[in-house]
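Here are my notes on this model, as numbered points. Have the coordinates open while you read.

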Amino acid sequence: MHTVYNNYTSMPEPAKCKGSIIPSELQSSRAMVFAIEEINNSTELLPGIRLGYQIYDSCASVPMAVHVAFQFLNNFDTVFSTDSNCSQSGMVMAVVGDSGSTTSISISRVITSFNIPQVSHFSTCACLSDKQQYPSFFRTIPSDQFQAAALAKMVKHFGWTWIGAVWSDTDYGYHGMASFLEAAQKEGVCVEYSVAFHRTYPQSRIQKVADVIRRATAIIVVALATTLGDMRALLEELSRVPSPPRQWIGSESWVTNPELLRFSFVAGAVGFGIQKSVIPGLRNFLVDLSPSQVAASDILTEFWEDAFNCTMKTIPSADKKVCDGTEDIQNLQSQYTDTSQLRITNMVYKAVYAIAHAIHNAVCQGANATAKCDKLTKLEPKEVLTELKKVNFSQNGYDVSFDASGDPVAIYELVNWQKNKSGITEIVTVGLYDASLPLGQEFQINRNITWMEGSMQVPVSVCTDSCPPGTRKVLQKGKPICCYDCTPCPEGEISNTTDSTDCLPCHKEFWPNAKRDTCIPKPVEFLSFQDILGIILATFSVLGACLAIITAAIFFHHRTTPIVRANNSELSFLLLISLALCFLCSLTFIGAPSDWSCMLRHAAFGIIFVLCISCVLGKTIVVLMAFKATLPGSNVMKWFGPPQQRMTVVSFTFIQVLICTIWLVLSPPFPIKNLTTYKEKIILECALGSPIGFWAVLGYLGLLASFCFVLAVLARKLPDNFNEAKLITFSMLIFCAVWITFIPAYVSSPGKFTVVVEIFAILASSFGLIMCIFAPKCFIILFKPERNTKKYLMNKNQS
């Protein structure tokens with residue numbers, strides 16, 4: 001179609017088509033003639049009735065399409081006849097075409113008012129499924145609505161989330177791209193750019209589109225463009241200047257067209273095409289052209305002259321010889337004669353048969369084999385339209401039917417442009433898409449795909465690489481959702497999937513691993529017998545207990561000596577036993593806490609230490625009272641004999657037993673998992689139950705120790721045997737210092753070190769008592785026996 005410029009001063013020229021014949025379109029028109037002749041020769045379909053036809057060229061132009069629509073409405077009659085001469089004429093029953101969506105829309109708007117059905121073989125715009133606007137439109141090729149969904153699923157299937165898109169500035173491209181962008185968004189695919197172009201655009205505008213493709217970061221280019229017009233114009237522009245490799249994803253309108261295979265940089269293109277088919281006898285019909293047939297048709301004449309570079313006129317032209325009938329169309333390499341991949345041609349074939357079946361159902365009665373048709377029936381296009389909605393048949397193994405929108409079942413072949421061993425690019429079928437299959441099973445790949453530059457590896461096209469587990473996606477401001485930063489999960493949270501948008505917190509007893517992609521159980525910490533600290537403290541506990549037992553053995557072995565008898569041997573033995581128990585009770589603090597160990601450790605510690613202090617207190621009181629007894633007229637010692645000493649120890653200890661009993665009955669200590677001190681580990685420890693009970697035990701112990709310390713200080717200068725009061729003073733001083741410093745250390749120590757502090761306090765105070773009170777006496781008993789005599793003691797006292 002050539003462009004006409006009107007000056008509005010004279011009548012415009014009539015619309016005319018100019019340009020060379022498109023072989024593929026000629027093949028489609030001849031396939032329609034072939035199908036009509038098959039039907040006219042059939043004894044089952046429309047027996048006794050012949051279909052007439054007339055072919056118009058819309059020239060892919062809206063004005064021309066409207067012109068020819070009015071032309072056949074005004075001048076053309078559809079004929080039903082039993083012989084070659086039309087004996088009865090009627091109005092147009094149906095229209096096959098057009099090839100383009102925009103021109104089909106124009107034709108449909110004209111003929112809809114006449115209820116004339118239109119069956120297109122190549123108009124795929126989803127807009128034509130709108131029965132409100134196009135109630136008489138049908139098609140044998142699937143709607144772009146299905147192709148858009150298939151393309152989006154394919155893009156997602158190969159992991160591409162960052163793509164570019166180009167489309168023809170036509171109804172086909174506009175509606176097709178709108179459907180694709182909507183489907184892509186649902187699949188989580190982002191589009192870096194979406195630009196429209198048209199073959200009639202100035203070269204500078206097509207060049208800008210090519211520059212956008214070259215500069216873009218997206219490797220994938222989805223193209224919804226018409227075949228020989230728009231797509232060829234774009235590829236020719238891209239071929240002028242080398243561009244980075246691009247993976248082309250094509251629509252059925254161009255990806256199966258062999259004329260574009262010459263653009264080698266598109267090799268590896270993948271797209272959806274209409275299913276290949278076989279039409280028996282078609283090739284013979286196409287090449288069975290006699291010179292007289294060619295001369296009788298202007299279109300065939302033009303094709304013949306272009307194909308063989310000759311003229312059908314009797315006078316040769318300057319650059320062409322006269323066609324002499326020796327031209328061999330059998331071996332002609334042309335899209336017209338190529339029937340190896342009948343795709344769109346089969347859509348024309350099915351469209352003709354669909355109309356024939358609709359007419360048959362309207363004018364014939366009975367099954368096809370026994371049908372009786374009334375050729376005199378006055379048939380209206382509206383009746384054909386009604387029957388066309390109900391057709392359901394199979395032709396050459398291909399099912400034909402229409403849904404409520406006038407669309408067929410959407411079945412596409414997945415095709416791939418692959419180079420063969422000779423370096424020639426071929427269109428190879430590698431898979432199938434069947435929209436009638438259950439969700440998730442529509443898409444099938446059954447052959448290897450060759451990608452751009454001959455690679456067998458699927459190209460990667462993402463705005464941002466996938467975020468690995470352990471991180472989460474943070475969108476980049478002002479960019480599509482496919483562009484993001486990968487941020488490590490916060491402390492205590494994980495993500496165990498790729499491209500996670502959120503991190504999930506671990507359960508309170510779990511903690512993320514180093515990669516933060518899984519939660520692992522927190523390590524459990526407590527002072528165990530396997531820890532170095534536990535081993536050291538347990539060793540000192542056992543050594544202390546052994547020391548107390550050895551001391552008691554020494555005292556027992558020398559129990560008749562003056563130094564043992566002079567130091568209240570009964571209280572000394574009781575004190576040594578209680579000290580041994582003090583050393584051993586620290587072992588209850590080591591190991592995993594349990595209900596019984598938590599109660600035992602605190603209760604045993606409180607009671608045994610009060611027993612120790614009670615013994616020390618008893619010894620201190622005895623020292624003081626012994627000095628009072630030496631005064632003239634004093635009778636005080638009768639109140640502090642052995643029975644009274646025992647009663648004192650028992651009384652003081654009973655009070656502590658009572659406190660511990662109340663504590664254990666009302667709110668005893670119990671084991672807990674401390675999850676707050678350390679976030680990354682669990683501390684097993686004993687909760688106090690009632691803090692009042694715990695501090696009451698320590699308070700009572702401190703009270704006794706303070707009282708004992710005061711009495712010892714008062715008695716430190718008394719002339720006692722070996723000055724035991726002074727030794728008790730030092731021992732109580734150490735004891736009080738240890739437990740005074742214990743309180744802040746206990747409160748501030750984290751985790752298992754709380755237990756360590758408590759054990760250290762027990763051991764330190766216990767060692768202080770045994771070393772200060774008993775070590776000097778053992779030294780004399782073992783190494784200075786000359787001092788362990790009554791004479792020496794008496795002299796010491798006198799001095």
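1. Start with Cys-125 and Cys-127, which are joined by a disulfide with an S to S distance of 2.3 Å. A disulfide here is a pair of cysteine sulfur atoms within 2.5 Å. The torsion about this S-S bond is about 130°, so the link is right-handed. Cys-125 is buried at 0% relative accessibility, and Cys-127 is buried too, with a relative accessible area of 14%. For these labels, buried means under 20% relative accessible area, exposed means over 50%, and partly exposed is in between (1.4 Å probe, protein chains only).

2. Some housekeeping: this is a predicted model, in which local features need pLDDT of at least 70, side-chain atom pairs count only at pLDDT 80 or more, and totals for chains, interfaces and linings use all residues. Residues are numbered from 1 along each chain as its sequence is written, and side-chain values use heavy atoms, with hydrogens and water left out.

3. On confidence, the protein averages a pLDDT of 84, and 89% of the residues score at least 70. pLDDT is the predictor's confidence in each residue, from 0 to 100. Please look at residues 76-88, where pLDDT stays under 50. The model has 38 contacts for that stretch beyond four places in sequence, a contact being heavy atoms within 4.5 Å.

4. Back to the cysteines: how many disulfides does the count come to? By the sulfur distance rule, nine. One of them is formed by Cys-463 and Cys-483, with sulfur atoms 1.9 Å apart. The torsion about that S-S bond is 105°, and the link is right-handed. Cys-463 sits in the loop between β20 (443-445) and β21 (471-475), while Cys-483 is in the loop between β21 and β22 (484-488), and the two cysteines are 20 residues apart. Helices (H or I, at least four residues) and strands (E, at least two) are DSSP runs, numbered from the N terminus. Cys-463 is partly exposed at 27% relative accessibility, whereas Cys-483 is buried at 1%.

5. Another disulfide links Cys-598 and Cys-686, with the sulfurs 1.9 Å apart. With -80° about the S-S bond, this one is left-handed. Cys-598 lies in helix α16 (residues 595-629) and Cys-686 in strand β29 (residues 682-687), so the link ties together parts that are 88 residues apart in sequence. Both Cys-598 and Cys-686 are buried.

6. Now Thr-653, in helix α17 (residues 642-666). Thr-653 is buried, with a relative accessible area of 11%. Its side chain reaches the backbone oxygen of Val-649 at 2.7 Å. Leaving aside residues up to four places away in sequence, Thr-653 touches Ile-607, Val-610, Leu-611 and Ser-614.

7. Last, the open sheet of three strands, ordered β4-β5-β6 with parallel pairing. β4 (95-96) and β6 (137-139) stand at the edges with a single partner strand each, so one side of each has no neighbour in the sheet. β4 pairs with β5 (residues 118-120) in the parallel sense over two bridges; two strands pair if DSSP finds at least two bridges between them. Val-95 has Gln-118 of β5 as its bridge partner.

Notes. Polar contact = N/O pair within 3.5 Å; in protein donor to acceptor, adjacent residues only side chain to side chain.
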